Amino acid sequence: MINYMLRETRDKFIQRLEEIRRQRFKLIEELETAAGFGDLRENSEFDAAMEQQGQLNREAENIIKRLINVTLIDDLHVTGEAVSIGTIVTVQNSRARRKYIIMGCPEDNGHASGIKVTFKSPVARYLIGKRIGDIVCVG
């Protein structure tokens, strides 16, 4: 499965992985210190460090899964002729006018103002592929 995201978002994930790596090294020292306190069955410092290590490992695994098969929206060369990932769409109905930004992932911040929706959201699925002036029926 392709994961779409902005280069900025990808870089933030990579920075977070580096932070996790540094925290893991610090935790190894804490685990060694806690192990030196004796009986590990009743060692709250050891238990806390092990729990934190598990949380960091899960977070790193989730980030790595997100980065596998990543496609950068910045590299898609969006033409604006049709709605796609990375486009800003203004939708008007009888009551209101709304601006949607079709994002790759929830963590994408982008610089445009509007309602941010991922390409997997129901609104985006109705809009992707449509062109200016198309009528879209949302069911």
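These are my notebook entries on one protein chain.

**Entry 1: the model.** I began with the source of the coordinates. This is a predicted model.

**Entry 2: the fold elements.** I looked up the helices and strands. The protein chain has three helices and five strands. I then read their order from the N terminus, which is β-α-α-β-β-β-β-α. Next I looked up the spread of the chain. The radius of gyration is 22 Å, well over the 14 Å that the globule rule gives for 139 residues, so the protein chain is more spread out than a compact globule. I also took the spans of the C-alpha trace. Along the principal axes they are about 70 × 30 × 25 Å.

**Entry 3: inside and surface.** I looked up burial. Of the 139 residues in the protein chain, 24% are buried. The accessible surface comes to about 9700 Å². Carbon and sulfur atoms hold 52% of that surface.

**Entry 4: contacts.** Residues 24 or more positions apart account for 51% of them.

**Entry 5: charges.** I looked up the charged side chains. The protein chain has 21 positive and 20 negative ones. The centres of the two sets lie 12 Å apart.

**Entry 6: one serine.** Where is S121 found? I found S121 in the loop between strand 5 (115–118) and helix 3 (122–127). Is S121 buried or exposed? The relative accessibility of S121 is 15%. Buried means under 20%, so S121 counts as buried. I then followed the side chain of S121. It reaches the backbone oxygen of T118 at 2.9 Å.

Definitions and conventions: Residues are numbered from 1 along each chain as its sequence is written. This is a predicted model: local features need pLDDT of at least 70, side-chain atom pairs count only at pLDDT 80 or more; totals for chains, interfaces and linings use all residues. Side-chain values use heavy atoms; hydrogens and water are left out. Helices (H or I, at least four residues) and strands (E, at least two) are DSSP runs, numbered from the N terminus. The radius of gyration is taken over C-alpha atoms; the globule rule is 2.2 Å times the number of residues to the power 0.38. Buried means under 20% relative accessible area, exposed over 50%, partly exposed in between (1.4 Å probe, protein chains only). Contact means heavy atoms within 4.5 Å. Accessible areas come from the Shrake-Rupley method with a 1.4 Å probe; for residues, only the protein chains shown count as cover. Lys and Arg count as positive and Asp and Glu as negative; His and the chain ends are not counted. The place of a charge is taken as NZ of Lys, CZ of Arg, CG of Asp or CD of Glu. A polar contact is a pair of N or O atoms within 3.5 Å; within protein, one must be able to donate a hydrogen and the other to accept it, and residues adjacent in sequence count only if both atoms are side-chain atoms.
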